[in-house]
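Open the model and follow along.

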Amino acid sequence: MPESLAIDCQDLVKKFTDVVAVNGLDLSVKTGECFGLLGPNGAGKTTTIEILEGLQEPDSGTVRVLGSTWRDHPHRLRQRIGLSLQETQFHEKWTVIETLRLFRSVFGDGIDPEELLLEVELVEKRDSRVGKLSGGQKQRLAVACALAGKPELLFLDEPTTGLDPQSRLRLWDQITRFQKNGGTILLTTHYMDEAERLCDRVAVVDHGKVIALGTPAELISTLPGANVIEVASDPRLSEETLRKVPGVREVQVREDAAVLVVGSLVESVPALLSAIESAGSRLVNLRTHRATLEDVFVHLTGRHLRDA
Amino acid sequence: MRESPRSPLLELTLLRAKEFLREPEAVFWTFAFPVLLALALGFAFREKPPDKLPIAVEAGSGAAETAASLARSEFLSSVVLEREEALAALRRGKVAMIVRVESSQPVFIFDPTRPDARAARLEAGDALERAAGREDRLKPSIETVREPGARYIDFLMPGLLGLNLMGTGMWGIGFSIVTARSKKLLKRLVATPMRKSHYLFAQILARLLFLTGEVVVLVGFGWLVFGVAVRGSLLVLAVTCLMGAMSFAGIGLLVASRANTIEAVSGWMNLVMLPMWVFSGVFFSSERFPEALQPAIGALPLTAVNQALRAVINEGASLGAVSGQLAILAVWGAVSFAIALWIFRWK
């Protein structure tokens with residue numbers, strides 16, 4: 001394995017009694033990159049990341065992390081990685097600083113707990129019990145614990161799920177800072193904006209497989225157009241009529257609206273409006289946005305990420 | 001500001017200890033509850049001067065004099081009642097016997113199958129004879145004997161100590177581990193380079209910290225309030241408590257080794273502890289159970305702790321004298337610890 005790969009896994013399979021969670025998944029993460037596993041709930045993201053973290057054994061497939069395997073060097077690998085689980089809960093009766101001291105103590109080399117407090121902006125909560133922290137503060141504590149051992153590689157499983165916008169921004173800053181200092185990150189998320197903002201490359205995962213891989217820009221460029229129009233009219237226009245609107249590359253009819261992928265808004269929006277008018281229909285709603293990873297997922301699977 | 005990190009074992013032990021002290025309920029159950037229980041039971045079964053035997057005298061001529069004569073005995077009390085009332089009082093056990101005066105002679109009415117009635121009859125006979133002018137030829141002098149170590153409270157205190165060792169050992173370890181497991185804290189910890197043995201060992205070390213407090217509080221309380229003295233050496237007492245605590249810590253670890261929820265572990269704990277509450281001689285001697293059960297009862301860890309504690313506290317037994325019980329405890333502790341390590345679920 002070339003030294004430039006922080007994670008390399010091939011043909012990963014993990015079955016549970018009732019479901020195949022991971023179904024032949026390949027992944028390679030370069031050193032120094034921020035890599036995102038993107039997919040709906042139940043896609044197999046958590047199982048995958050936990051296999052890479054050495055917390056679950058795959059049924060088959062190979063995993064190399066930082067050049068070694070979990071079987072050969074479990075203890076040495078644990079010293080070199082940091083992680084936050086989905087919904088880690090620390091002991092409610094421990095204080096923030098006590099929790100950090102414990103995590104620091106199990107690593108040979110690491111960051112001083114007081115410095116960690118500064119890093120994740122929890123200084124004023126130093127002596128508060130963990131049970132008294134808000135969701136965002138708990139998540140920052142989880143990240144601080146992940147950083148306590150000065151890891152080379154950071155695993156974050158849905159780090160911003162359930163956070164308020166301000167807390168998300170702070171976490172994004174920390175992740176970016178970690179990467180700037182030479183760290184490698186693998187994170188899972190079902191927020192498209194998060195992946196677009198943070199990740200150098202993303203893998204879209206569905207049903208335990210990677211169905212698309214690339215930089216966010218590359219993935220978006222695989223769409224037939226760069227813009228998306230959501231339109232609702234009364235009565236509705238048929239799919240056929242919509243396809244004939246100039247510049248429309250793809251049409252998806254949903255219950256509440258039709259979603260059109262178009263090359264240029266300037267070309268398609270006026271044409272769409274006149275098509276509605278000439279059909280004797282009334283415009284109810286019209287929204288447009290630049291194509292996002294969300295649209296890529298819809299394009300690939302016909303489903304939305306959040307409710308897939 | 002910068003501090004060099006302490007050893008993980010120390011951090012884990014301190015955290016476990018703090019976690020316990022920040023749980024007021026746990027502190028209550030460990031320290032206050034056994035003391036309150038001892039206090040309540042100690043007063044319920046406290047030493048009293050011997051009860052006076054109550055005797056009813058049927059109303060009629062000479063009743064008042066007879067009643068007064070009876071009451072002069074230090075072992076008797078008397079009351080004058082109408083015939084019907086007196087019979088009712090006898091039936092209900094409120095009086096031990098009835099004395100009726102018929103033509104200046106007493107008639108004793110009592111149930112000879114009742115020991116207190118027989119004693120009342122003898123005392124009443126004596127009292128009335130003396131009142132009638134009898135001179136006793138023998139004048140026995142009386143020595144009152146009260147053997148410390150033979151009272152109920154002397155029996156009870158070691159039992160409560162044993163019960164406490166079991167309860168705090170098992171709940172203390174079991175709850176802490178299952179809480180950590182159900183909140184994924186264990187999973188998070190094993191995702192670090194922490195040594196698993198450090199985690200388990202810290203639980204036991206923290207347990208030892210509180211053990212000292214528990215034993216001192218309960219033994220000190222028994223001594224100060226009820227005069228229950230430790231007749232054996234304090235060192236042997238300490239070794240016995242230590243062995244008991246380790247044994248129950250091992251069993252607690254085993255019970256908690258796979259449970260995922262507090263409800264599940266509570267059920268298992270009760271299942272394990274309830275038989276010992278009943279059979280192991282905490283509140284009454286386990287020798288009351290049939291002979292055939294004795295080998296099984298004797299093999300229970302709480303029985304072993306209680307027997308050893310009673311031997312040391314009440315009888316001043318040496319280490320050698322309780323070695324059999326200590327061996328039983330060592331086996332329970334070692335076997336359950338080994339199985340627990342083997343089947344322990346970290347995730």
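In chain A, Val284(A) touches Ala232(A), Ser233(A) and Asp234(A), leaving out residues up to four places away in sequence; contact here means heavy atoms within 4.5 Å. Val284(A) itself lies in strand β13 (residues 282-290) of chain A. Helices (H or I, at least four residues) and strands (E, at least two) are DSSP runs, numbered from the N terminus.

A quick note on what you're looking at: this is a predicted model, where local features need pLDDT of at least 70, side-chain atom pairs count only at pLDDT 80 or more, and totals for chains, interfaces and linings use all residues. Residues are numbered from 1 along each chain as its sequence is written, chains are lettered from A and ligands numbered from 1 in the order in which they are written, and side-chain values use heavy atoms, with hydrogens and water left out.

**Around the cis proline**

Back to Asp234(A), one of the residues that Val284(A) touches. A cis peptide bond joins Asp234(A) to Pro235(A), with omega at about -5°. Pro235(A) sits in the loop between β10 (227-234) and α9 (239-243) of chain A. Along the chain, Val284(A) and Pro235(A) are 49 residues apart, and their C-alpha atoms are separated by 9.4 Å.

**Chain A as a whole**

Zooming out, chain A has eleven helices and 13 strands. Its C-alpha trace spans about 75 × 45 × 35 Å along the principal axes. Of its 308 residues, 54% count as buried, where buried means under 20% relative accessible area, exposed over 50%, and partly exposed in between (1.4 Å probe, protein chains only). Take the contacts in chain A with a separation of 6 or more: residues 24 or more positions apart account for 68% of them.

Which way does phi go at Glu121(A) and Glu158(A), positive or negative? Phi is near 55° at Glu121(A), a positive value in a residue other than glycine. Glu158(A) is also a residue other than glycine with a positive phi, near 45°. Glu121(A) is in the loop between α4 (113-119) and α5 of chain A, and Glu158(A) is in the loop between β6 (153-157) and α6 (165-180) of chain A. As for accessibility, Glu121(A) counts as partly exposed because its relative accessibility is 36%, while Glu158(A), at 7%, counts as buried.

**Helix pairs**

Two packed helices are described by the angle between their axes and the distance between the axes. Axes are lines fitted to C-alpha atoms, for helices over the stretch in contact, and angles run from 0 to 180 degrees between N-to-C directions. Here are two pairs, one from each chain.

| Pair | Residues | Axes come within | Crossing angle |
|---|---|---|---|
| α3(A) and α5(A) | 96-105 and 135-147 | 9 Å | roughly 25° |
| α9(B) and α13(B) | 234-255 and 323-343 | 7 Å | roughly 30° |

Angles under 35 degrees count as roughly parallel, over 145 as roughly antiparallel, 65 to 115 as roughly perpendicular and the rest as oblique. α3(A) and α5(A) are therefore roughly parallel to each other, and α9(B) and α13(B) are therefore roughly parallel to each other. A crossing is left-handed if the near helix is turned anticlockwise from the far one by less than a right angle, and right-handed if clockwise.

In chain A, the crossing of α3(A) and α5(A) is right-handed. Val96(A), Thr99(A), Leu100(A) and Phe103(A) on the α3(A) side meet Leu141(A), Ala144(A) and Cys145(A) of α5(A). By class, this contact has six nonpolar, one polar and no charged residues; Ala, Val, Leu, Ile, Met, Phe, Trp, Tyr, Cys and Pro count as nonpolar, Asp, Glu, Lys and Arg as charged, and the others, Gly among them, as polar.

In chain B, the crossing of α9(B) and α13(B) is left-handed. Among the residues making the contact are Thr240(B), Met243(B) and Gly244(B) of α9(B), and Leu326(B), Ala330(B) and Gly333(B) of α13(B). The residues of this contact divide into 14 nonpolar, six polar and no charged.

**Two threonines in chain B**

Thr240(B), in α9(B), is buried, with a relative accessible area of 0%. Beyond four places in sequence, Thr240(B) touches Ala308(B), Leu309(B), Val312(B), Val322(B) and Leu326(B).

Thr30(B) is in helix α2 (residues 24-44) of chain B, and is buried at 6% relative accessible area. Neighbours within four places aside, Thr30(B) is in contact with Phe20(B), Asn164(B), Thr168(B) and Glu214(B).
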